[in-house]
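Here are a few friendly notes to read alongside the model. Take them one at a time and find each spot on the structure as you go.

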Amino acid sequence: MEAVLTESKKKMGRPTDNPRPHSLTIRISDTDKKILEEYCAKTGVNRTEAISRGIGKLKSEDTSEVNLQIHTGGYTL
């Protein structure tokens with residue numbers, strides 16, 4: 001998977017509590033595209049929100065793994 005991150009110029013528009021000034025261009029497989037489209041249709045969210053939720057899950061998985069290591073003294077269960 002290839003990714004390109006660019007900063008977009010500030011535009012005038014509707015004010016938001018969650019600004020998203022960064023643009024990301026990626027290449028994904030047909031399978032990943034189908035999964036993303038099905039998720040968006042099922043939940044009624046756009047691709048940006050779906051990907052943002054996925055990134056949030058990565059963050060929570062990372063945090064859970066760190067917490068598990070702390071609670072188990074660093075041993076893998």
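**Notes on salt bridges, a helix and a pocket**

1. Let's begin with one side chain: glutamate 37 is partly exposed, at 41% relative accessible area. Its salt-bridge partner is lysine 33, with 2.6 Å from N to O. Lysine 33 is partly exposed too, at 39%. Both residues sit in helix H1, four residues apart, or about one turn of the helix.

2. Please keep in mind that this model is predicted. Its mean pLDDT is 81, and 69% of the residues reach 70 or more. Among the elements, H1 has the highest mean pLDDT (97), while strand S1 (residues 3-7) has the lowest (65).

3. Now look at glutamate 38 and lysine 34, whose closest N and O atoms are 4.0 Å apart in a salt bridge. Glutamate 38 is partly exposed at 47%, whereas lysine 34 is exposed at 52%.

4. In helix H2, glutamate 49 and arginine 53 are four residues apart, about one helical turn. Salt bridges with shared partners link Arg20, Glu49 and Arg53 into one network.

5. Finally, the largest pocket holds about 660 Å³ of space. Of its 16 lining residues, those closest to the centre are His22, Leu24, Arg47, Thr48 and Ile51. The lining comprises seven nonpolar, five polar and four charged residues.

Note on methods: Residues numbered from 1 in each chain as written. Predicted model: local features only at pLDDT ≥ 70, side-chain atom pairs only at ≥ 80, totals over all residues. Heavy atoms only, no water. 1 Å grid on protein atoms, 1.4 Å probe; cavity = no way out; pocket = protein on both sides within 12 Å on 5 of 7 lines; lining within 4 Å. Points joined across faces, edges and corners; volume = space filled by probe spheres on them. Nonpolar A, V, L, I, M, F, W, Y, C, P; charged D, E, K, R; others polar. pLDDT = per-residue confidence, 0-100. Helix = DSSP H or I, 4+ residues; strand = E, 2+ residues; numbered from the N terminus. Salt bridge = Lys/Arg side-chain N within 4 Å of Asp/Glu carboxyl O. Buried < 20%, exposed > 50% of the residue type's maximum accessible area, 1.4 Å probe, protein only.
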